[in-house]
Amino acid sequence: MHNWEDLVARVGDDTDALRTAFLRRLRDVPAYARGLVPAARLEADADETFAYLLGRLAGRAVPDRLVAVGPAIGRDRARRGVPLDDLLTAVRQDFRVLWEAFRARADPDEAALLVDHVQTVWSVVEEYSTRIRVAYQEEQAILARERQGERTALVAALLAADDPAPEDVTRVAIALQVAEDADVLVVAAAGEDGAALRRAADRFAGDGRPVHVQPTGRHSVLLARWDGPEGAPVRAALEGVRCGVGPTAHGLADVPRSARLAAELADVTAGGPVVPRTLASVWLPLAAARLGDVRADLVTAELGGLADVTPAERERLVATVRRFAVDGSVRDTAAALYCHRNTVLNRLRRVAELTGRDVTVPADAAVLLLALASDRGGPDV
């Protein structure tokens, strides 16, 4: 009388045939055909895999050493860069190899025995496949964290360098998967604005661009490969993000300088409109921020006369100066401020009386605007 355990034992008597059949099937799986896994490793894993599967099918207690084989294969293949689909295709060859072996070694009167246990064989192989897949995915997550940690460390060193060493630039290029001389968009966001910057990074990644967001303490810095024109396309890509956009870095070696400027732009736009700001759009508050210890002297010298008016009048006068600086037209300024053109003229004359600066004269307007930016410290234009 035949039983299932006897048939399993007969199949297990020729493990060399199982291994040979399995390895032959792997030739059609791309990752294995390319030799990502050494032949010796494949042979050893095949022997241990069939020992585990046959032990399970026979209902025997399987040694811990064999229980650990599946997860070890999953971790190993993840480290070797075998795609998950190729790995699972390979693992499922175990069922085909085993089932062919069972059919070849079964006696004619054991057909019913095979039918009764086909689901058992399939279930055992699928359970084994699942354990391999879970270990593979866990290892991939570990590898991703390791790569992210490595990228973070390398980019941190790059950003801290005034003149990056060529070998450091090369390592960053490899980590970010961009060419060393690639054009790189460099963007900085301060504080809580970093969350919106990370969402923008997700959009860049979705478009297939290599992208990395680097925490630097007070700022989050986005680096992304950039192809094409700047200006409007950059603003559109960063819509909804309050940030500073540094000059496009023409090569990774230019990234540190661009990142420092992007951080400055982010700082002078803090609390302002939720839009990306470039050097061209906020040069005035940036210049004011860079005046350092002479900033207060400029404010006192140029705006001291405004201390003699009421807060309400000062607000009206300053608003008129700023608007006129944008429009350059009394008529357009009046329309923007909803007042008569004569009101605009009277206010500009009043400013000239109080400050000695005629804002219709470009040189006077530039000094006065710089003083106002130094006094407010905000992102006004």
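**Cysteines and aromatic pairs in a predicted model**

Zero disulfides are counted in this structure, a disulfide being a pair of cysteine sulfur atoms within 2.5 Å. The model is predicted, so local features need pLDDT of at least 70 and side-chain atom pairs count only at pLDDT 80 or more, while totals for chains, interfaces and linings use all residues. Residues are numbered from 1 along each chain as its sequence is written, and side-chain values use heavy atoms, with hydrogens and water left out.

Cys-339, at 22%, counts as partly exposed.

The aromatic residues come next. A pair of aromatic rings is described by the distance of the centres and the angle of the planes. Here, rings of Phe, Tyr and Trp (its six-membered ring) pair if their centres lie within 6.5 Å; planes under 30 degrees apart count as stacked, over 60 as edge-to-face and the rest as tilted. The count by this rule is seven aromatic pairs. One of them joins Phe-22 and Phe-50: the ring centres are 6.0 Å apart and the planes stand at 85°, so this pair is edge-to-face. The pair links distant parts of the chain, since Phe-22 lies in helix α2 (residues 15-26) and Phe-50 in helix α4 (residues 39-58), 28 residues apart. Helices (H or I, at least four residues) and strands (E, at least two) are DSSP runs, numbered from the N terminus. Phe-22 counts as buried because its relative accessibility is 8%, and Phe-50 counts as buried at 1%.

Another pair is formed by Trp-99 and Phe-102, whose ring centres are 6.3 Å apart with planes at 55°, so the pair is tilted. These two residues are three residues apart in helix α7 (residues 84-105), and are therefore separated by about one helical turn. Both Trp-99 and Phe-102 are buried.

Trp-99 and Phe-102 also belong to a cluster in which ring pairs link Trp-4, Phe-95, Trp-99, Phe-102 and Trp-122. Phe-95 is likewise in helix α7, and its 14% relative accessibility is why Phe-95 counts as buried. Leaving aside neighbours within four places in sequence, Phe-95 is in contact (heavy atoms within 4.5 Å) with Val-118, Val-121, Trp-122 and Val-125.

Conventions: Buried < 20%, exposed > 50% of the residue type's maximum accessible area, 1.4 Å probe, protein only.
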